[in-house]
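Biologist: Thanks for sitting down with me. Could you walk me through this one, a question at a time?

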Amino acid sequence: PSHDSSKKKDFFTQFRTSFGLDTVELKEVRNEDTGTAQQALSVGKEFGKVKLSIDQGTGTESSKVLAEVNVAPNLNLNMDVGGNRSSGVGLDWVRRY
């Protein structure tokens, strides 16, 4: 039998749509203290100009909650709180071509 792969959804697409998420991805996260890298599962949802994400890595202190707020065209405010009691705030200027 012939299989049309364009009609099949991959696991991440099925997971994302089942839970009403906007993003589901595996990504590499770097520990700033040790310089080591590990894989993390990241899930996110957009609420208007606010995007919330949760990253969970393989380590016990590798979880992180991130918020990104679009404050003006090409200007984003980023905030994060990590499971290792780390936190950060940043202002990013973004230009897409």
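Biologist: Which residue in β6 stands opposite Leu75?

Modeller: Happy to start there, with the reminder that this is a predicted model. Strand β5 (residues 75–82) and β6 run antiparallel, and 7 bridges join them. Within that pairing, the residue in β6 that stands opposite Leu75 is Trp93.

Biologist: Which residue in the turn between β5 and β6 has a positive phi?

Modeller: The two strands form a hairpin with 4 residues between them. In that turn, a positive phi of about 65° belongs to Arg85.

Biologist: What is the count of buried residues in strand β6?

Modeller: Buried means under 20% relative accessible area, so that is the cut-off to apply. Strand β6 spans residues 87–93 and is hardly covered. Among its 7 residues, the count of buried ones is 0.

Biologist: What is the phi of Asn74?

Modeller: Asn74 lies in the loop between β4 (64–72) and β5. Its relative accessibility is 33%, so Asn74 counts as partly exposed. Asn74 is a residue other than glycine, yet its phi is positive, near 70°.

Biologist: Which side chain meets Lys27 in a salt bridge?

Modeller: The count comes to 1 salt bridge, going by a side-chain nitrogen of Lys or Arg within 4 Å of a carboxyl oxygen of Asp or Glu. Here the N to O distance is 3.0 Å, and the partner of Lys27 is Asp55. Lys27 lies in strand β1 (residues 23–30) and its partner in strand β3 (residues 50–57), so the pair ties together parts that are 28 residues apart in sequence. The name you asked for is Asp55.

Biologist: Is Asp55 buried or exposed?

Modeller: Lys27, at 27% relative accessibility, counts as partly exposed. Asp55 has a relative accessibility of 3%, and the cut-off for burial is under 20%, so Asp55 counts as buried.

Biologist: How far apart in space are Ser53 and Glu68?

Modeller: Ser53 lies in strand β3, and with a relative accessible area of 11% Ser53 is buried. Ser53 and Glu68 are 15 residues apart in sequence. In space, C-alpha to C-alpha, the distance is 8.5 Å.

Biologist: Which residues gather with Glu46 in a patch of negative charge on the surface?

Modeller: Glu46 is found in strand β2 (residues 37–47). At 44% relative accessibility, Glu46 counts as partly exposed. The residues that gather with Glu46 in the negative patch are Asp22, Glu68 and Asp92.

Key
Residues numbered from 1 in each chain as written. Predicted model: local features only at pLDDT ≥ 70, side-chain atom pairs only at ≥ 80, totals over all residues. Heavy atoms only, no water. Patch = residues over 30% accessible without salt bridge, like charges linked within 9 Å, V, L, I, M, F, W, Y side chains within 5 Å. Areas by Shrake-Rupley, 256 points an atom, 1.4 Å probe, with all protein chains shown as cover. Lys, Arg positive; Asp, Glu negative; His and termini not counted. Charge placed at Lys NZ, Arg CZ, Asp CG, Glu CD. Buried < 20%, exposed > 50% of the residue type's maximum accessible area, 1.4 Å probe, protein only. Pairing = 2+ DSSP bridges.
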